[in-house]
Amino acid sequence: MKASCLLGFMILACSHASPPPAAAAPAPAAAAAPAPDAAALAAFEMVRSVLQSPRCVNCHPAGDVPLQGDDSHPHEPPITRGPEGRGIAGIPCSDCHGKQNLPASYGTHMPPGASTEWRLPPADHKLVFWGLDSKSLCEQIKDPKRNGGKNLADLTHHMTQDALTLWGWQPGYGRSPVQISHDEFVRAYKTWADAGMPCAQKTAMNP
């Protein structure tokens, strides 16, 4: 009798034992980063086509010698960038490049000009456009460490309103203007900028 009572007590005790703790739920997977806006990436391709046109590449060369002409040949007479991008002592850009283009009556091969002064980027941030794929160009122009310390407002002004940039659409006699209209370029730039300036993977580049 005692043995049966003890056995019954043990069964009763086990039946009221706390259930084992449930296994911890797995941590939620980290949310995947949203894919870049396809429209913004397409807009940057239009921006890239302008930046890598002769009108822009000639002042954003891979080396320290500016380029010229629709075929982007080395500058004649020979000249180099200089520390501030305005030529070197004794041969500044302003010796030949004035505040505006010369009249067509002067003929071809006349030095162009711009009201904000002719110049290349300074030596400490050359901002090369030539020979870069889309991703590299995109990352460079929006990086203040490589674009001369420009924030979004500064960059937008230079890209859309600076007289030196606007010159690309009115380059003077004997030079081909940027093929995309300025209005189209500004719309594309703003589409890209408003989307957070996304950069694609390595894609197209100029020849």
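A residue is called buried at under 20% relative accessible area, exposed at over 50%, and partly exposed in between, computed with a 1.4 Å probe on protein chains only. The model is predicted, so local features need pLDDT of at least 70 and side-chain atom pairs count only at pLDDT 80 or more, whereas totals for chains, interfaces and linings use all residues. Residues are numbered from 1 along each chain as its sequence is written, and side-chain values use heavy atoms, with hydrogens and water left out.

Q140 belongs to helix α4, residues 134-141, where helices are DSSP runs of H or I with at least four residues and strands are runs of E with at least two, numbered from the N terminus. With a relative accessible area of 9%, Q140 is buried. A polar atom of the Q140 side chain lies 2.7 Å from the backbone oxygen of V128. When neighbours within four places in sequence are left aside, Q140 is in contact (heavy atoms within 4.5 Å) with L127, V128, L132, R146 and N147.

The disulfide is formed by C138 and C199, whose sulfur atoms are 2.0 Å apart. The pair links distant parts of the chain, with C138 in helix α4 and C199 in the segment after α7 (182-194), 61 residues apart. Because the torsion about the S-S bond of C138 and C199 is about -80°, the disulfide is left-handed. C138 is buried at 0% relative accessible area, and C199 also counts as buried at 17%.

The sulfur of C93 is 8.3 Å from the closest cysteine sulfur, that of C59, which is too far for a bond. C93 counts as buried at 10% relative accessibility. C96 is in no disulfide, the nearest cysteine sulfur being that of C93, 9.0 Å away, and C96 counts as exposed at 51%.

The structure holds four aromatic pairs; rings of Phe, Tyr and Trp (its six-membered ring) pair if their centres lie within 6.5 Å, with planes under 30 degrees apart counted as stacked, over 60 as edge-to-face and the rest as tilted. Two of these pairs are tabulated here.

| Pair | Centre to centre | Angle between planes | Geometry |
|---|---|---|---|
| F44 and W192 | 4.9 Å | 45° | tilted |
| W118 and W167 | 4.9 Å | 85° | edge-to-face |

F44 lies in helix α2 (residues 38-51) and W192 in helix α7, 148 residues apart. F44, Y189 and W192 form one aromatic cluster.

Methods. Polar contact = N/O pair within 3.5 Å; in protein donor to acceptor, adjacent residues only side chain to side chain. Disulfide = S-S within 2.5 Å.
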